[in-house]
Amino acid sequence: MIALIKYNGGNVSSVQNALNRLNIDSIITDDPGQIIKADKVIFPGVGEASSTMKVLREKGLDKLIPGLKQPVLGICLGMQLMCGNNEEGDTKGMGIFDVDVKRFPPGELVPHMGWNTISELKSPLFSGIEDNSDVYFVHSYYCGLAASTVSVCDYILPFSASLQKDNFFAVQFHPEKSGSAGSRILENFIKL
């Protein structure tokens with residue numbers, strides 16, 4: 001069973017629809033018992049960091065998620081909240097990944113929105129994915145490069161397109177909107 005974490009962020013249904021297209025069953029839940037029992041957990045996200053962390057704290061999910069033992073995939077805001085400090089709303093994340101989240105420099109076209117390439121692929125998430133494949137991004141904040149970086153994108157500056165540490169995986173882009181490459185990434189995660 002795949003648990004999609006339910007909170008005040010958007011995009012949970014579109015991730016579930018992408019899993020449905022792959023014939024993968026999932027539930028949307030904020031129930032700690034269901035999340036702990038799930039084979040895999042996906043933490044999707046579209047929203048604002050500080051208000052989302054507030055909701056996660058109120059539900060105890062900010063403590064639950066870092067303690068999970070099964071494979072966990074953070075998407076977009078989900079990835080950012082798994083990191084350290086976030087400049088959006090001066091928000092303290094869960095600290096799973098030792099990297100901070102910063103706003104893209106002013107004066108450039110922000111948000112970074114649309115298709116862009118990912119390179120330096122170093123994770124089982126990218127099995128069968130070619131270097132410089134295109135995926136879909138929508139974000140104004142980014143994670144810098146770190147020891148846990150397993151793919152890189154360059155928009156204004158190089159940043160972590162994905163991170164991996166132990167059983168935790170995270171992508172800044174939206175695999176559910178990234179065509180065949182995104183579908184393959186979701187399938188690879190399910191097969192971990």
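## The loop that holds Pro111

Pro111 sits in the loop between strand E7 (101-103) and strand E8 (112-118), where helices (H or I, at least four residues) and strands (E, at least two) are DSSP runs numbered from the N terminus. The peptide bond that leads from Val110 to Pro111 is cis, with omega near 15°. Most peptide bonds are trans, and most residues other than glycine have a negative phi.

The model is a predicted one, in which local features need pLDDT of at least 70 and side-chain atom pairs count only at pLDDT 80 or more, while totals for chains, interfaces and linings use all residues. Residues are numbered from 1 along each chain as its sequence is written, and side-chain values use heavy atoms, with hydrogens and water left out.

## Two residues with positive phi

Asn23, in the loop between helix H1 (12-21) and strand E2 (26-29), has a phi near 60°, a positive value in a residue other than glycine. Asn23 counts as exposed because its relative accessibility is 71%, given that buried means under 20% relative accessible area, exposed over 50%, and partly exposed in between (1.4 Å probe, protein chains only).

Glu120 is not a glycine either, yet it has a positive phi of about 55°. Glu120 belongs to the loop between E8 and strand E9 (133-139), and with a relative accessible area of 47% it is partly exposed.

## Salt bridges

Side chains of opposite charge can pair when their charged atoms come close. Counting a salt bridge as a side-chain nitrogen of Lys or Arg within 4 Å of a carboxyl oxygen of Asp or Glu, there are three salt bridges. One of them joins the side chains of Lys59 and Asp30 at 2.7 Å, N to O. Lys59 lies in helix H3 (residues 49-59) and Asp30 in the loop between E2 and helix H2 (32-37), so this pair ties together parts that are 29 residues apart in sequence. Lys59 is partly exposed at 33% relative accessibility, and Asp30 is partly exposed at 27%.

In another bridge, the side chains of Glu58 and Lys54 meet at 2.9 Å, N to O, and both residues lie in helix H3, four residues apart, which is about one turn of the helix. Glu58 is exposed, with a relative accessible area of 57%, whereas Lys54, at 48%, is partly exposed. Asp62 forms a salt bridge with Lys63, with the closest N and O atoms 3.7 Å apart; here Asp62 counts as buried at 14% relative accessibility, while Lys63 counts as exposed at 66%.

## Two cysteines without a bond

A disulfide is a covalent bond between the sulfur atoms of two cysteines. With a disulfide taken as a pair of cysteine sulfur atoms within 2.5 Å, the count comes to zero disulfides. Cys83 is in no disulfide, and the nearest cysteine sulfur, that of Cys143, is 3.6 Å away, which is too far for a bond. Cys83 is buried at 0% relative accessibility, and Cys143 is likewise buried, with a relative accessible area of 0%.

## Arg184 and Glu108

Arg184 lies in helix H6 (residues 179-191) and counts as partly exposed, at 31% relative accessibility. Arg184 and Glu108 are 76 residues apart in sequence, and their C-alpha atoms are 32 Å apart in space.
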